[in-house]
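Please go through the following briefing with the sequence and the model side by side.

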Amino acid sequence: QVQLVESGGGSVQAGGSLTLSCAASGFTYSSNCVAWFRQVPGKAREGVAKILTGGGLTYYADSMKGRSIIAQDKPKNTVYLQINALKPEDTAVYYCAARAQTCVLGFYEGDYNNWGQGTQVTVSS
């Protein structure tokens, strides 16, 4: 059974940084697409970044380009999301998602069939 477990969320002041982790079990990161999404109550889930675990290619949502880094540690089956220069509008629950296929264009949550439970990120001004 595939399981994704996020960690690393918390409260931080604007301008600070956080690194979120997504630890996977039940499948290998040999050739999958792992993505980070975030959601604010009352709003749709929004894609943040994704990585093709086979080749390491990365993709970022426009709102995250230049201030976030998605990376992987293959031996640990873990994908990380570092967010810098955090803003209050980055406050959300951040979810890790995975699909056992290559990454596809865009950030559509229906493309992912495995999800973590989410980790809260709160940015204060």
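A disulfide is counted here where a pair of cysteine sulfur atoms lies within 2.5 Å, and C33 and C103 form one, with their sulfur atoms 2.0 Å apart. The model is predicted, so that local features need pLDDT of at least 70 and side-chain atom pairs count only at pLDDT 80 or more, while totals for chains, interfaces and linings use all residues. Residues are numbered from 1 along each chain as its sequence is written, and side-chain values use heavy atoms, with hydrogens and water left out.

**Disulfides**

- The structure holds two disulfides, and when the bonded cysteines of the protein chain are numbered in sequence order, the pairing is 1-3, 2-4.
- In the pair C33 and C103, the torsion about the S-S bond is about 100 degrees, so this disulfide is right-handed.
- This pair links distant parts of the chain, with C33 in strand β4 (residues 33-39) and C103 in the loop between β9 and β10 (114-115), 70 residues apart; strands are DSSP runs of E with at least two residues, numbered from the N terminus.
- C33 is buried, with a relative accessible area of 0%, and C103 is also buried, at 13%; buried means under 20% relative accessible area, exposed over 50%, and partly exposed in between, computed with a 1.4 Å probe on protein chains only.
- The other pair is C22 and C96, whose sulfur atoms are 1.9 Å apart, and the torsion about their S-S bond is about -65 degrees, so the disulfide is left-handed.
- C22 in strand β3 (residues 18-25) and C96 in strand β9 (residues 92-99) are 74 residues apart, and the pair thus links distant parts of the chain; C22 and C96 are both buried.

**Sheet and strands**

- Four strands form an open sheet in the order β1-β3-β8-β7 with antiparallel pairing, where two strands are taken to pair if DSSP finds at least two bridges between them.
- β1 and β7 stand at the edges with a single partner strand each, so one side of each is left without a neighbour in the sheet.
- Neighbouring strands of this sheet are turned by 15 degrees against each other on average, direction ignored; the axes are lines fitted to C-alpha atoms, for helices over the stretch in contact, and angles run from 0 to 180 degrees between N-to-C directions.
- β3 and β8 pair in the antiparallel sense over six bridges, and the bridge partner of L20 in β8 is L81.
- S7 lies in strand β1 (residues 3-7) and is partly exposed, with a relative accessible area of 37%.
- Not counting residues up to four places away in sequence, S7 touches T19, L20, S21 and T119, where contact means heavy atoms within 4.5 Å.
- S7 and Q120 are 113 residues apart in sequence, and their C-alpha atoms are 8.9 Å apart in space.

**Nonpolar cores**

- A nonpolar core is a set of buried Ala, Val, Leu, Ile, Met, Phe, Trp, Tyr and Cys residues joined through side-chain atoms within 4.5 Å.
- The largest nonpolar core has 24 residues, of which L4, W36, V48, I70, L81 and Y94 touch the most other members.
- At least two residues of this core are supplied by each of β3, β4, β5 (46-52), β8, β9 and β11 (119-124).
- Leaving aside neighbours within four places in sequence, V48 is in contact with W36, F37, R38, Y60, A61, M64, L81, Y94 and F107.
- A second, separate core of seven residues includes C33, A35, L52 and A97.

**Salt bridges**

- A search of the whole structure finds four salt bridges, each defined by a side-chain nitrogen of Lys or Arg within 4 Å of a carboxyl oxygen of Asp or Glu.
- The side chains of R38 and E46 meet in a salt bridge (2.9 Å, N to O); R38 counts as buried at 7% relative accessibility, whereas E46 is partly exposed at 33%.
- The side chains of D62 and K65 meet in another salt bridge (3.2 Å, N to O), and D62 and K65 are both exposed.
- R67 and D90 form a salt bridge through their side chains (2.8 Å, N to O), which links the loop between β6 (58-60) and β7 (68-73) with the loop between β8 (78-83) and β9, the two residues being 23 residues apart.
- R67 and D90 are both buried, and salt bridges that share partners join R38, E46, R67 and D90 into one network.
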